[in-house]
Amino acid sequence: MEANTWFGSMCYIPLFETYGNGIPVVWYRKDWAQEWGIGTDGQINSYEGLEAYWQCTIDNGLIAYGANQSRGFFQMKSVRGEAFEGSAQAGLQSISSGGLTFWIYREDGQLVDIAVQGSGDEAFANFPEGWNRDFGIERYEQFAAWQEAGAIPTNREGNNGWAVPASSTKIPYTMKFLDWLFDSQEDHDLIQLGIEGEDFKYGEEEGTYTLLSTYADDLGGYSFSWNPNYALQSTIYDEETLAYREYEYSDEAFTSYPILGFHFDASDVDLSTSVAQCKAVTDKIVTVILHGIKTDGDGNSYDTMTEMIQHNVAEAMENGGQEILDALTEQLTTFLAEQ
């Protein structure tokens with residue numbers, strides 16, 4: 001709950017089943033990987049193996065990767081596009097505004113520095129060893145190559161939540177219902193899964209269930225009853241997939257971001273104008289970089305992804321980005337001083 005405060009107020013009950021708000025995975029045909037001799041009996045354990053699998057699909061006249069039109073490779077080579085393996089443990093986390101990604105370095109409770117992704121290695125000179133470079137844009141070079149051919153950080157925030165308007169005349173009754181809903185596994189399951197024996201049944205393995213009707217799909221637990229304390233796993237998963245899901249649902253699998261409960265406030269009129277101006281610039285590459293395409297929205301082509309990104313970031317900083325960075329630094333400094 002403390003990680004879900006907004007501008008100093010604990011104003012809603014977060015709804016989520018895992019502390020990572022859904023972990024990205026890559027789905028592939030394991031039987032094809034086995035047939036082509038990729039990985040360990042079809043189990044792909046590296047990006048090199050995945051690239052080999054993609055190449056085999058192409059060689060066999062198949063589609064290698066089903067890239068979403070707007071998101072491209074999106075979360076590949078990162079954790080949700082917001083973190084990298086080991087970044088949270090090193091005191092790093094990112095905040096996005098105006099289409100720019102601001103990397104924050106905190107050490108011993110103090111704000112050390114903020115650097116804008118794509119602004120060059122020198123901007124990260126004060127970052128810890130191993131992270132003192134413009135690391136965030138490196139994956140886009142890999143995306144370009146694909147275009148031609150552990151611990152999970154979390155801010156422990158819910159994607160959705162329950163909120164009761166202050167003007168409501170039924171606040172006590174609403175809170176009694178919410179208290180009941182989250183009071184026990186049975187109460188929770190009744191709302192999220194329906195009637196036992198009619199809409200669902202518990203699986204033989206503890207913590208699993210099997211759906212018997214469409215009730216759970218029709219209601220949508222993400223908007224009503226998601227809770228990590230009561231989350232169950234569907235028996236539709238095989239043993240190997242279930243192990244992955246159980247890992248994702250375990251609190252021990254996550255490490256907290258260095259800064260929890262902070263939200264950048266861009267509601268100021270002048271600042272919101274800067275955000276809009278900045279985003280108008282970053283929008284020129286926001287989609288193409290995820291597809292590994294080295295041509296921006298103005299039709300300018302570049303030799304490398306890094307060159308294109310750095311050119312765009314420099315223009316964005318001159319059109320509102322610097323104002324965003326200054327405001328973020330001020331707000332973070334104040335927030336940390338109050339902790």
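Across the whole structure, a search finds 23 aromatic pairs. Rings of Phe, Tyr and Trp, the last taken by its six-membered ring, pair if their centres lie within 6.5 Å; planes under 30 degrees apart count as stacked, over 60 as edge-to-face, and the rest as tilted. One of these pairs is formed by Tyr-28 and Tyr-53, whose ring centres are 5.4 Å apart with planes at 70°, so the pair is edge-to-face. Tyr-28 lies in the loop between strand E1 (13-15) and helix H1 (30-35), whereas Tyr-53 belongs to helix H2 (residues 47-59); the pair thus links distant parts of the chain, 25 residues apart. Helices (H or I, at least four residues) and strands (E, at least two) are DSSP runs, numbered from the N terminus.

Before I continue, a word on the source. This is a predicted model, in which local features need pLDDT of at least 70 and side-chain atom pairs count only at pLDDT 80 or more, while totals for chains, interfaces and linings use all residues. Residues are numbered from 1 along each chain as its sequence is written, and side-chain values use heavy atoms, with hydrogens and water left out.

Are the two tyrosines buried or exposed? Tyr-53 is buried, at a relative accessible area of 4%, and Tyr-28 is partly exposed, at 24%. Buried means under 20% relative accessible area, exposed over 50%, and partly exposed in between, with a 1.4 Å probe and protein chains only.

A further pair is Phe-262 with Phe-335: the ring centres are 5.4 Å apart and the planes stand at 65°, so this pair is edge-to-face. It links distant parts of the chain, 73 residues apart, with Phe-262 in the loop between strand E10 (254-256) and helix H8 (269-282) and Phe-335 in helix H9 (residues 305-337). Phe-262 is buried at 12%, and Phe-335 counts as buried at 16%.

Ring pairs also link Phe-84, Trp-103, Tyr-105, Phe-124, Phe-127, Trp-131 and Phe-135 into a cluster.

I turn now to His-188, in helix H5 (residues 185-193). This residue counts as buried, at 1% relative accessibility. Leaving aside neighbours within four places in sequence, His-188 is in contact (heavy atoms within 4.5 Å) with Leu-181, Ser-225, Asn-227 and Tyr-230.

Lastly, a sheet. Three strands form an open sheet in the order E7-E8-E9, with mixed pairing; two strands pair if DSSP finds at least two bridges between them. Strands E7 (200-202) and E9 (233-234) stand at the edges, each with a single partner strand, so one side of each is left without a neighbour in the sheet. E7 and E8 (residues 208-211) run antiparallel and are joined by three bridges. Tyr-202 has Tyr-209 in E8 as its bridge partner.
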